[in-house]
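Please look through the structure shown here, beginning with the chain as a whole and then turning to one loop and its backbone.

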Amino acid sequence: MSTQQIILTIFITLFLNITPATATLIDRGSGLIYDTDMNITWLQDANYAKTSGYDADGVMTWFEAVNYADNLVYAGYNDWRLPATLQPDPTCSNQDTGWGISWGLGCKGGELGHLYYIELLNPAGGPLVNTGPFINMFLVTDWTETDVIRGDPNDAWCFGVDIGGQGACPKNTYGRAWAVRNGDSHPVAEPNTLLLLASGLACLVAWKRKQKRNLDNL
């Protein structure tokens, strides 16, 4: 092995030792955050419903939240949804089935709970101290797409990021609609962008051909 190869091997070894083996939250750009643990993509803006002008404050009933997520088109994708919750979630310290009775703490099985506890490392019972790469992740309750199987059929599971608690909320009360979609998501180029790129490439090819003809005529 040459000296250069030895130096390169040492450099790679040191780099691997100081670099995390995996990154659970990856910023894909254009407001897309990929969660490698759950294989889902979050909107970076937790309150995009307000930011986009869809809703005055981004807080809506469960029915409105489901409709918003189902019809959202963002970064070229139209298959957004609300986060999912395990039913029941065996990771909880208790399992709430009624509004205002109690909140299950430490619920890590659902997508919001996993994000809050495992990836952002926030404490059970609050407060929300780490929002990671996300913006507008306020101390509010987020809806999930999951109905409560036990208890009142008019309830759906919700997750309070103020305390890291999971509970059953009446669907006609108000919470935030934080959209998520399955899989790894990269920004999809708009048709106009692709057209400009193609035009640029065509111009470059034409210029190179003209340059070649000029050289041939010398």
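The chain folds into five helices and ten strands, where helices (H or I, at least four residues) and strands (E, at least two) are DSSP runs numbered from the N terminus. This is a predicted model, in which local features need pLDDT of at least 70 and side-chain atom pairs count only at pLDDT 80 or more, while totals for chains, interfaces and linings use all residues. Residues are numbered from 1 along each chain as its sequence is written, and side-chain values use heavy atoms, with hydrogens and water left out.

Of the 218 residues in the chain, 38% are buried, a term that stands for under 20% relative accessible area, with exposed meaning over 50% and partly exposed in between (1.4 Å probe, protein chains only). The chain exposes about 12200 Å², of which carbon and sulfur atoms supply 60%; accessible areas come from the Shrake-Rupley method with a 1.4 Å probe, and for residues only the protein chains shown count as cover.

The loop between helix 4 (111–119) and strand 6 (141–147) holds P127, and the peptide bond that leads from G126 to P127 is cis, with omega near 0 degrees. L121 lies in the loop between helix 4 and strand 6 and, although it is not a glycine, has a positive phi of about 60 degrees; L121 is exposed, at a relative accessible area of 65%. N136, found in the loop between helix 4 and strand 6, is a residue other than glycine with a positive phi, near 55 degrees, and N136 counts as partly exposed at 27% relative accessibility.
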